[in-house]
Amino acid sequence: MALPLPDEHTDNVPYPELLDRSRRRDRDAFAQLYGASYRRVFAYLLARAGEPAAAEDLLQEVYLAALKSIPRFRGHTEGEFLGWLLKIAHAKVTDRLRQKYRQRELYVAEAPPPQDRDPLDAVEERLGLDEIARALAQLTEEQRNVVVNRM
């Protein structure tokens, strides 16, 4: 079930004050920051994850990480705070994609060949997969993410 998303109220949100209070572990202040920002973070995650359930899981991870590290955050504005959250969100999405990619590699490597196939076909397919893996390894992390997201 998709998370209901009420309207954000970013007008008159005193970001410097709420950020200072959040750094001192004021959970009410952090809850107000959450209420003012989570729709945009969720939209970012949904666009990258593609599934509401995955985006909701990632949203929790983002805000838990933010809550833990808010004392080290030095920004004072809405833009700085949102940028910081989106940076955390990007890292969480990247971690999730890496995990999925590694799981796919594991499944391909462990899959037994079908019994009705010619063994030479299986060898050629495996060589093709190895070639793809080598090509992916030569890409930058960002390029790899684009390719993996297109699969």
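**Crossing of H1 and H2**

I looked up the handedness of the H1–H2 crossing and found that H1 passes H2 in a left-handed crossing. The model is a predicted one, and I read every entry below with that in mind.

Next I took the geometry. Two packed helices are described by the angle between their axes and the distance between the axes. H1 covers residues 15-23 and H2 covers residues 27-49. Their axes come within 8 Å, and the crossing angle is roughly 120°. I checked that angle against the classes: 65 to 115 degrees would be roughly perpendicular, and over 145 roughly antiparallel. H1 and H2 are therefore oblique to each other.

**Residues in the contact**

Which residues make the contact between the two helices? On the H1 side I listed Tyr15, Leu18, Leu19, Arg21 and Ser22. On the H2 side I listed Asp28, Ala29, Phe30, Gln32, Leu33, Ala36 and Arg40. I then sorted the contact of H1 with H2 by class and got seven nonpolar, two polar and three charged residues.

**The chain as a whole**

I went through the secondary structure and noted six helices and zero strands. Along the sequence the pattern reads α-α-α-α-α-α.

I looked up burial: the chain has 151 residues, and 29% of them count as buried. For the surface, I noted that the chain exposes about 10300 Å², with carbon and sulfur atoms supplying 54% of that area.

Last, I checked how far apart in sequence the contacting residues lie. Among contacts in the chain with a separation of 6 or more, 65% come from residues 24 or more positions apart.

How values were computed: Residues numbered from 1 in each chain as written. Predicted model: local features only at pLDDT ≥ 70, side-chain atom pairs only at ≥ 80, totals over all residues. Heavy atoms only, no water. Axes fitted to C-alpha atoms, helices over the stretch in contact; angles between N-to-C directions. Helix = DSSP H or I, 4+ residues; strand = E, 2+ residues; numbered from the N terminus. Parallel < 35°, antiparallel > 145°, perpendicular 65-115°, else oblique. Left-handed = near helix turned anticlockwise from the far one by under 90°. Contact = heavy atoms within 4.5 Å. Nonpolar A, V, L, I, M, F, W, Y, C, P; charged D, E, K, R; others polar. Buried < 20%, exposed > 50% of the residue type's maximum accessible area, 1.4 Å probe, protein only. Areas by Shrake-Rupley, 256 points an atom, 1.4 Å probe, with all protein chains shown as cover.
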